[in-house]
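Below are my notes on what I looked up, entry by entry.

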Amino acid sequence: MSDTPFGFGLPPEEPEDGDKGKKGGQGGPANPFGFGPGGLPGGFPGGADNPFAAMFGSMNPNDLGAAFQQLGQMLSYEGGPVNWDMAKDIARQTVAQGTADGVKDASVGIAEKSAVEEAVRLADLWLDGVTSLPSGANAAVAWSRAEWVEATLPVWKELVDPVAERVGAAMGSVLPEEMQAMAGPLLGMMRSMGGAMFGQQIGQAVGTLAGEVVGSTDIGLPLGPAGRAALLPLNIEAFGKDLSVPSDEVRLYLALREAAHARLFAHVPWLRSHLFGAVEGYARGIKVDTSKLEDVVGQLDPSNPEQLQEALQGGMFQPQDTPEQKAALARLETALALVEGWVDAVVHEAAKPRLTSADAMRETMRRRRASGGPAEQTFATLIGLELRPRRLRDASRLWASLTDARGVDGRDGLWEHPDMLPTASDLDDPDGFVHREQLDFSEIDKMLGEAAQQRDEEGDDKK
């Protein structure tokens with residue numbers, strides 16, 4: 001995907017074999033808040049870099065009223081760090097325009113819904129034999145692109161708001177406290193414009209991504225509602241177009257991946273909060289060098305909103321790496337590798353004996369993830385984080401070795417507690433981890449429970 005919807009730089013290229021990712025740096029894009037030149041491609045009507053130029057530059061006079069109405073909505077916004085109403089509208093408009101190859105969105109037909117339901121049903125049946133985690137999908141749904149936007153926006157909000165909030169806080173902190181009251185209108189305008197611009201960017205990005213994802217777990221995070229395995233028939237057709245694989249096998253393999261993710265997130269209750277907490281930890285670690293921001297704000301003319309847009313494009317924000325960010329990013333990358341590695345291992349175990357295309361599909365998905373496919377690139381540009389499981393192959397091999405050494409129950413039992421999972425260093429020495437004696441956390445929890453009960457009883461005796 002060539003555009004960078006949120007103005008961030010694209011992540012560096014990943015080696016094709018995916019095994020050397022551990023040698024890469026632990027940082028995200030160099031300037032995630034830079035809004036650098038060309039950082040807003042396609043983010044506004046007509047594909048212009050500047051929303052005001054897009055509104056007024058080549059406008060039919062009959063549309064002038066609508067443009068002023070949109071500008072009024074941008075300036076009157078008083079919500080959070082992102083104007084999500086605008087994001088939703090832009091995403092829906094982007095979906096309606098169709099993808100670059102001219103394919104328009106379409107409602108999902110009865111036959112397609114039945115095919116998805118059957119694929120997920122069969123996938124769950126196959127997975128029952130290769131994992132001890134029970135089914136996590138109460139329903140199988142087939143979404144259009146527009147339905148994917150509607151269903152996933154709440155989770156995008158949860159992921160993006162913490163980072164956008166930090167940027168917004170930086171905008172409001174550049175003036176001394178005694179001057180902030182005097183500059184109230186200016187700061188209010190900046191917040192409104194910032195929320196609108198974030199909304200424009202995110203809406204464009206999510207709308208573009210809706211034209212490429214095949215399900216609700218493409219980036220390794222659960223973007224859809226809990227308990228639903230979701231597939232997008234239109235995008236699955238495009239995905240399998242050049243693979244020389246029967247369409248029903250492509251759909252079934254992707255259903256296996258979706259159903260495997262559903263099992264993991266449904267039956268490992270701490271996993272979702274662990275991943276999302278790492279994103280929030282990354283946001284808390286953001287430190288913005290406000291020296292340039294102070295210079296820019298001091299020269300802004302409140303009557304010229306286009307000047308703010310130009311300042312944003314010129315790189316108002318220069319984030320600084322912090323130990324907190326690096327630690328959060330390391331936790332996130334390791335957790336994503338373990339999630340994707342587990343899914344890769346169990347799906348292959350289920351598919352290999354049954355699908356002639358299992359090896360080819362596995363390699364296609366690995367390369368899509370390791371090379372930074374559309375989903376990963378979009379998320380990197382949205383919040384400055386790379387959601388690539390850099391060590392997917394290492395993690396997959398480790399899970400497969402655990403299966404051989406401890407069986408399915410012993411492998412899946414490691415998900416009972418985060419402290420039982422392999423660490424980044426364990427991926428360097430998988431044999432050492434596989435044959436290491438594991439702590440029994442159930443016994444520890446039992447001992448702690450008994451100790452707590454004894455304290456309560458002693459407290460009652462003293463009353």
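Predicted model: local features only at pLDDT ≥ 70, side-chain atom pairs only at ≥ 80, totals over all residues.

Residues are numbered from 1 along each chain as its sequence is written, and side-chain values use heavy atoms, with hydrogens and water left out.

**Entry: a loop residue**

I looked up Ser244. It is found in the loop between helix H8 (233–239) and H9. Most residues other than glycine have a negative phi. Then I asked: is Ser244 buried or exposed? Buried means under 20% relative accessible area, exposed over 50%, and partly exposed in between (1.4 Å probe, protein chains only). Ser244 has a relative accessible area of 77%, so it is exposed.

**Entry: the whole chain**

I noted 19 helices and four strands in the chain. It has 463 residues, and 53% of them count as buried. Next I looked up contacts, meaning heavy atoms within 4.5 Å. Among those between residues at least 6 apart in sequence, 80% join residues at least 24 apart.

**Entry: Glu249**

I moved on to helix H9 (residues 247–267), where Glu249 has its place. Its relative accessible area is 14%, so Glu249 is buried. Which residues does Glu249 touch, not counting those up to four places away in sequence? I found Leu355, Thr356 and Ser357. I also looked up Ala351, which is 102 residues from Glu249 along the chain. The C-alpha atoms of the two are separated by 9.8 Å.

**Entry: the cores**

I looked for nonpolar cores. Such a core is a set of buried Ala, Val, Leu, Ile, Met, Phe, Trp, Tyr and Cys residues joined through side-chain atoms within 4.5 Å. In soluble globular proteins, nonpolar side chains tend to be buried together. The largest core here has 92 residues. Those with the most contacts inside it are Trp148, Trp156, Leu271, Leu275, Trp342, Trp399 and Trp415. Helix H13 (residues 323–351) gives the largest share of this core, 13 residues. Another core, of five residues, lies apart from it, with Tyr282, Ala283, Ile286 and Ala328 among them.

I then picked Trp399. Leaving out residues up to four places away in sequence, it touches Leu338, Gly341, Trp342, Ala345, Arg411, Leu414, Trp415, Leu421 and Pro422.

**Entry: Arg411**

Arg411 was on that list, and I found its place in helix H16. Its relative accessibility is 0%, so Arg411 counts as buried. Beyond four places in sequence, its contacts include Val130, Thr131, Glu349 and Trp399. Arg411 and Ser401 are 10 residues apart in sequence, and 9.1 Å apart from C-alpha to C-alpha.

**Entry: H14 against H16**

How do helix H14 (residues 358–370) and helix H16 (residues 392–412) pack? Their angle is about 135°, and their axes are 11 Å apart. Axes are lines fitted to C-alpha atoms, for helices over the stretch in contact, and angles run from 0 to 180 degrees between N-to-C directions. Angles under 35 degrees count as roughly parallel, over 145 as roughly antiparallel, 65 to 115 as roughly perpendicular and the rest as oblique. H14 is therefore oblique to H16.

From H14, the contact is made by Arg362, Glu363, Arg366, Arg367 and Arg369. From H16, Leu392, Arg393 and Ser396 take part. I sorted this contact by class: one nonpolar, one polar and six charged residues. Here Ala, Val, Leu, Ile, Met, Phe, Trp, Tyr, Cys and Pro count as nonpolar, Asp, Glu, Lys and Arg as charged, and the others, Gly among them, as polar.

**Entry: His348 and Asp359**

I found His348 in helix H13. Its relative accessibility is 14%, so His348 counts as buried. Setting aside residues up to four places away in sequence, His348 touches Ala358, Asp359 and Arg362. A polar contact of 3.4 Å joins the side chains of His348 and Arg362. That term means a pair of N or O atoms within 3.5 Å; within protein, one must be able to donate a hydrogen and the other to accept it, and residues adjacent in sequence count only if both atoms are side-chain atoms.

Asp359 lies in helix H14. I noted it as partly exposed, with a relative accessible area of 41%.

**Entry: Arg368**

Last, I looked up Arg368, also in helix H14. It is buried, at 18% relative accessible area. Its side chain and that of Asp218 are joined by a polar contact of 3.4 Å.

How values were computed:
Helix = DSSP H or I, 4+ residues; strand = E, 2+ residues; numbered from the N terminus.
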